[in-house]
Each structure stands twice: as structure tokens, then as C-alpha cells.
Amino acid sequence: MELASGRAEITRFNKFNLKTKKLHIISFDIPYPANYGGIIDVFYKIKALHQIGVEITLHCFQYGGKEQQAALLNYCKEVFYYPRNTFMNPFLGKLPYIVKTRNSRTLFERIQADNNPILFEGLHSCYWLNDLIVDSRITLVRNHNIEGDYYNHLARVEQNPIKRRYFIREAKLLNAFEPIIAKATKALAISPSDHDLLNARYGNSEYLPVFHSNSHVVINQNKEPFCLYHGNLSVGENDEAACYLVEHVFNHLPYKLVLAGNNPSERLKGLVNENGRCELKSKLSVKEIDELIGKAFLNVLPTFQATGIKLKLLNALHRGGHCLVNNEMVEETGLESLCFIANSAVEMKDCIAKLFNSQIEVDYGARREILASFN
């Protein structure tokens, strides 16, 4: 995120008393390349903090074949990597799997060596929060979701019975672990609705809008006559939305739907093969997906899980044409007026036909004004 001025960012973070201009950040994953969900927020937050002169010591967990990234030293004074213990049995113990697998003792010793503020990225990284002596120390927990709700939804859409059992158990453990947030100085909620919920539970929430790569609204007049759905298709909620569009919305529409995202499910592949108006594009770079967003006449982005803030919607509003969503995608985000909203397959079909057969223009002025709060 290239900031025209650091003043707004300084105001945001001064409330947390960062007078030392030094900060530990504990990231649940290596935040570069910034190519999915929460890690986008982590990376562009690091970049913005660096731009206003904060000296960052970054601690990140390494797993899934990811390599250490020298590029992070452009923004951080030091970067430490810790192996994530993914071989732990997810069905044993009282801690959530996403927490107990990020439990490095070396990390704990490093953050105990000084009294600088600590930013914990997600509940994932809060294993040691309860063990810190925090009377005189600023501790911040960034909440990317209400994690228990998120995992409950993953369970509802999961087809594999073993994975479903894991998600149900993880949701219960996350709900039991979540009160650790009360020990932190502040919880930093990613959406207004999450802020309201966390503040009601723990009384220490601040709303800190999502950090992302877009700094201005891009106007592309060369639209092509297709609709686009994009997202990481290996994530259950995205797979559910994509399958819904193919099976129930574009089953009889005379308009093309492109679905862009990596690791599509076999079910989605089968539905696309049966529908001659749908096309699946996988193994795309971030740049290629951004180009599709700009070319699409209409970005169609339903979700069936109203948690957090959806970066795919912010990307579409900054880079794309019309956006069609359902209530769950935009409720209490402040983005409602920038989108067309439909909550059933019939309503979506009617809206798509209306947009393709009309001269309705995108109100880019309104977008710039409203999206400024997400810059």
C-alpha cells in the first residue's frame, strides 16, 4: 500500500502508545508473497508501519514448503523464522490446533528480552500471550475473523467427514481460547461488526480497517462481456460460493462466468464441465487475477459467511466494474451503497440481466469517497 501521507497512519497507531517506534510482530505465516486473505493484511500493515518509521522485529512461522523471504528485510529490522509443529494430532489436547502448532520457546525468549509492544496476528499466534508479564507492556491482538464462527462455517460446507469433525472440534476449542483476548491491551478488529462483538465480550476492541495493496480506484473502460468470481478455491466458503453460482445462478443465463482461483474442488470442476457458459481459470498470479477483475463487466461475489472483511470485494471495488453481492458480503462494512445486492438465485439472475441490458454506469466518484477509509 503506497501511502500519500503517513499522517493518518501515525494517528491510528499513536493511540497504542508506540512511543518507542519499536514493535514485535508475530505472524501466523510468512507474510510474503502477500497472496491470500489474512496474510495480505499482515504484509501491507508491515509496509505501512515501516513507512512511518516503526522499527519492526518480525517473527513468522514457516510451513507448507514456504521459503524464507529476503524481501521482508526491506521493511523489518530483523526477521526470525520458526518451524510450525504441524505433526501434532489435531484431535488431542485442549488448545486449538492452529494455536498449539505455533508454540516456539525461542520466540517466547526473544519477545521477553525487551519491553517493546507486541502485535499478535490472529488468535493463531497467541500461544504465549498468557505467559507474558504485561503490566507495563502494550500487547495488541489483530483479529482477522471471529475464528470460532469461521471454523463452524467451514464445518458446515466441508464434504470430507474427517475434516468436518476437525473443523467442529477446532471451532469449540477456539471459542474456549478466545477470551485470552481480554489479557491484551487492545483487540484490533478488522470489520465494524467484529469490533462490536469483541468489544461487547472483552471491552478492549478498536476497529482498525484492513490493510491491502490498493491505493486508488483504477478505471478501466475496456470491459469485456463476462462475469467474474475470484478467490482461493481451496477454501470451503469460496468453493461453496463458486459452486452455487455455477449450479443455481448461471445454469440458464446466456452470459459467461469466469471462476478464477487456485485448487478448485473436483465438485466445482464437474459442475463447470457440465455448464458450457462457465470457465475455470486456476494457477493464476495475483497480477493475472487483477487483470481479470479489471476486464470483467460484472464481479459477482456472494458469500455465505459474514465474518471479517472480504479482500476480494475491496479488490473488485478498487479495480473492477459493477459488483453484485449478497447481504453477507457487505452488511455493516460501509460498502453497501457501492454494490448491487441480491440474496437469492432468482434475484441474482434478474440483476445480472438488468445490468447487461442497461447503460448503468459505475459511480467512481462515490467509490473514491467511500473507499478512502480503507486506504
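## Exercises on a predicted model

Pro33 sits in the loop between strand 1 (22–27) and helix 2 (37–51); here helices (H or I, at least four residues) and strands (E, at least two) are DSSP runs, numbered from the N terminus. The model is predicted, so local features need pLDDT of at least 70 and side-chain atom pairs count only at pLDDT 80 or more, while totals for chains, interfaces and linings use all residues. Residues are numbered from 1 along each chain as its sequence is written, and side-chain values use heavy atoms, with hydrogens and water left out.

**Exercise 1.** Find what kind of peptide bond joins Tyr32 and Pro33.

*Solution.* Go to the loop that holds Pro33, between strand 1 and helix 2. Then read omega for the Tyr32–Pro33 bond: about -5°, a cis peptide bond.

**Exercise 2.** Work out the strand order of the open sheet of six strands, and say which strands stand at its edges.

*Solution.* Start with the pairing rule: two strands pair if DSSP finds at least two bridges between them. The order is 10-9-8-11-12-13, with parallel pairing. Strand 10 (278–281) and strand 13 (340–341) are the edges; each has a single partner strand, so one side of each is left without a neighbour in the sheet. Now look at one pair: strand 11 (residues 296–301) and strand 12 (residues 322–325) run parallel and are joined by four bridges. Within this pair, Leu298 has His322 in strand 12 as its bridge partner.

**Exercise 3.** Decide whether His124 is buried or exposed, and list its contacts beyond four places in sequence.

*Solution.* First locate His124, in the loop between strand 4 (118–121) and strand 5 (139–143). Next apply the cut-offs: buried means under 20% relative accessible area, exposed over 50%, and partly exposed in between (1.4 Å probe, protein chains only). At 12%, His124 is buried. Finally, taking contact as heavy atoms within 4.5 Å, His124 touches Phe28, Ile98, Val99, Arg102 and Glu147, leaving aside neighbours within four places in sequence.

**Exercise 4.** Examine phi and exposure for Asn263 and Lys283.

*Solution.* Take Asn263, in the loop between strand 9 and helix 9 (266–274). Its phi is positive, about 60°, although Asn263 is not a glycine. Asn263 is exposed, with a relative accessible area of 54%. Then turn to Lys283, in the loop between strand 10 and helix 10. Lys283 has a positive phi near 55°, again in a residue other than glycine, and counts as exposed at 76% relative accessibility.
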